Amino acid sequence: MRAGKDMHDWTYHVTDEWNVERWQAAEHIYEEAFPLDGKKSRTIIQGMFGKKMCQLHTLTQGAEMVGMALTGIDTQVNALIVDYIAVRANARGTGMGRLLLDQIKQWALRQHGCRGLIVEVESEPTEENEQRIRFWQSNGFELTDYVHHYIWVPEPYRAMAYSFDSFDKLPDDGKQLFKSITRFHEKAYRRMKQ
């Protein structure tokens, strides 16, 4: 896949197989965007690939990886859960995040027939969190009212959803959406059977 008129040559790639080199390139972006606790470790992420429950999406521009996302499909509601998405700091504000998200949307619809996408966002009223919410809203996601509190992290979260079809929308009830998100996290952290 190639870029439009105002961006340099880019390539989108998605895999559900663990690849150390690809993850190492993506991990730099992941660590830069999510430097604090609350993110999944490399061991957990590698285990998620072992459980066949996630996909790594990457966007490269020339030889440099500029964006990454980690997703999983909730088959119970037929939606793609965006666990993490990030763009390299020096590429933020250039449209690369929107481009990566558009590619993920197309992939979820064409390859898996998903009804839409679900993401959780930190809901503390900080400028950074409000900026993230605006990014998702500008890409068609709707913010739900329900505030979810995890027992293992102090920050409150809200769910956002993007539906492909207005006649077959994902739930607009945050509690319902968090059932999908929680299933995904529980499976990610569950130990693999020997």
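**Reading the interior**

Analyst: The volume of the largest cavity is about 30 Å³. A cavity is a set of points, on a 1 Å grid over the protein atoms alone, where a 1.4 Å probe fits but cannot get out; a pocket is an open set with protein on both sides within 12 Å along at least five of seven lines; lining residues have an atom within 4 Å of a point. Grid points are joined across faces, edges and corners, and a volume is the space filled by probe spheres set on the points. By this rule there is 1 cavity of 30 Å³ or more. The structure is a predicted model, in which local features need pLDDT of at least 70 and side-chain atom pairs count only at pLDDT 80 or more, while totals for chains, interfaces and linings use all residues. Residues are numbered from 1 along each chain as its sequence is written, and side-chain values use heavy atoms, with hydrogens and water left out.

User: Which residues line the largest cavity?

Analyst: Its lining consists of Ile81, Val82, Asp83, Ile118, Val119, Glu120, Ile181 and His185. Strand 4, strand 5 and helix 5 are the elements that give two or more residues to this lining. Helices (H or I, at least four residues) and strands (E, at least two) are DSSP runs, numbered from the N terminus.

User: How many residues of strand 4 are buried?

Analyst: Buried means under 20% relative accessible area, exposed over 50%, and partly exposed in between (1.4 Å probe, protein chains only). Strand 4 is mostly covered, with 9 of its 9 residues buried.

User: How does strand 4 run relative to strand 3, parallel or antiparallel?

Analyst: Two strands pair if DSSP finds at least two bridges between them. Strand 3 and strand 4 run antiparallel and are joined by 8 bridges; within strand 4, alanine 86 stands opposite methionine 68. The hairpin of these two strands has 4 residues between them, and asparagine 78 there takes a positive phi near 55°. With strand 5 (residues 116-122), strand 4 pairs in the parallel sense over 4 bridges, and valine 82 has valine 119 of strand 5 as its bridge partner.

User: What do strand 4, helix 3 and strand 5 make?

Analyst: A crossover is right-handed if, with the strands pointing away from the viewer, the path from the first strand over the helix to the second runs clockwise. Strand 4, helix 3 (residues 96-112) and strand 5 make a right-handed β-α-β unit.

User: Where is arginine 88 found, and why is it called buried?

Analyst: Arginine 88 is found in the loop between strand 4 and helix 3. It is called buried because its relative accessible area is 19%. Contact means heavy atoms within 4.5 Å. Leaving aside neighbours within four places in sequence, arginine 88 is in contact with Ile29, Glu32, Glu64, Met65 and Val66.

User: Which residues of helix 2 are buried?

Analyst: An α-helix has 3.6 residues a turn, so residues three or four places apart point the same way. In helix 2 (residues 42-50), the buried residues are Ile45, Gly47, Met48 and Phe49. These buried residues pack against several elements, among them strand 1 (10-15), helix 1 (20-33) and strand 2 (55-61). Just after helix 2, lysine 52 takes a positive phi of about 55°.

User: What is the space in the largest pocket?

Analyst: About 1400 Å³ of space lies in the largest pocket. Of its 44 lining residues, Ala33, Phe34, Ile85, Glu128 and Arg132 lie nearest its centre. Helix 4 gives the largest share of the lining, 7 residues. The lining divides into 21 nonpolar, 10 polar and 13 charged residues.

User: Which residues lie nearest the centre of the second largest pocket?

Analyst: The second largest pocket holds about 300 Å³ of space. It is lined by 16 residues, of which Met53, Ile73, Asp74, Thr75 and Lys187 lie nearest its centre. Strand 3, helix 3 and helix 5 are the elements that give two or more residues to this lining. Helix 5 supplies the largest share, 4 residues.

Definitions and conventions. Nonpolar A, V, L, I, M, F, W, Y, C, P; charged D, E, K, R; others polar.
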